[in-house]
Amino acid sequence: MIKNKQLNSDEIFLLLKKQLNKSYAPYSSFYVASILETKINDKYKYYFGNNIENLSFSLTICAERNVICNYLSNKEDDEKILNLYVLANNKSNDYKEIIHPCGACLGVLNEFFNENNTISCYSIYSRRKDYKMLDLMPEAFKWKGK
C-alpha cells in the first residue's frame with residue numbers, strides 16, 4: 001500500500017487488526033500481524049506480514065520475518081525502512097499482553113534495521129509500547145567485513 005502521508009497510530013492499529021485474519025495458526029491459535037513502514041521520496045509504503053504455522057513447528061514463519069521477506073521481494077532501490085508495527089491476539093480475542101519479536105525475528109530485523117528504527121508493539125486493546133532496535137538487542141552483532 002502506498003500513501004502520500006504517514007499513517008497515524010489509530011490507522012496502523014486498525015490495519016493490524018484487519019491483518020490478523022490472514023494469519024494461519026491452526027495449532028497455537030495465536031495470531032500475529034505486522035506492518036513494515038518505509039519511505040521512498042515523498043511516499044510512504046506499507047508492507048504486511050502474518051505468522052504462518054506449520055505442523056513441524058520449527059518451520060513456522062513469524063509475522064516479523066514474513067514482512068521482511070515481503071519487503072525484500074518488492075522494495076524499490078532507494079526505499080528506507082522507518083518502523084515496524086506488531087499486534088498479537090488469541091482465538092478468544094482476549095490476549096491482553098503486548099508482545100515483541102522473538103529472538104529469531106530480532107536477528108533478522110537486526111540485518112535490515114539500524115539501532116534507531118522503531119518497533120511498535122500493540123495489544124488487542126490498542127495499548128502500545130515503542131522500542132528502538134537497540135533496546136531489544138543492545139549487543140547485537142553487526143558484520144563489518146565484506
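Select phenylalanine 13 and tyrosine 122 to begin: each of them is buried, where buried stands for under 20% relative accessible area, exposed for over 50% and partly exposed for what lies in between (1.4 Å probe, protein chains only). This is a predicted model, in which local features need pLDDT of at least 70, side-chain atom pairs count only at pLDDT 80 or more, and totals for chains, interfaces and linings use all residues. Residues are numbered from 1 along each chain as its sequence is written, and side-chain values use heavy atoms, with hydrogens and water left out.

Next, show the rings of phenylalanine 30 and tyrosine 95, whose centres are 5.1 Å apart and whose planes stand at 85°, so the pair is edge-to-face; rings of Phe, Tyr and Trp (its six-membered ring) pair if their centres lie within 6.5 Å, with planes under 30 degrees apart counted as stacked, over 60 as edge-to-face and the rest as tilted. This pair links distant parts of the chain, 65 residues apart, with phenylalanine 30 in strand β2 (residues 30-40) and tyrosine 95 in the loop between β4 (80-90) and α3 (103-112); helices (H or I, at least four residues) and strands (E, at least two) are DSSP runs, numbered from the N terminus. Phenylalanine 30 counts as partly exposed at 24% relative accessibility, and tyrosine 95 also counts as partly exposed, at 26%.

Finally, select isoleucine 61, which sits in the loop between β3 (43-50) and α2 (63-74) and, at 38% relative accessibility, counts as partly exposed.
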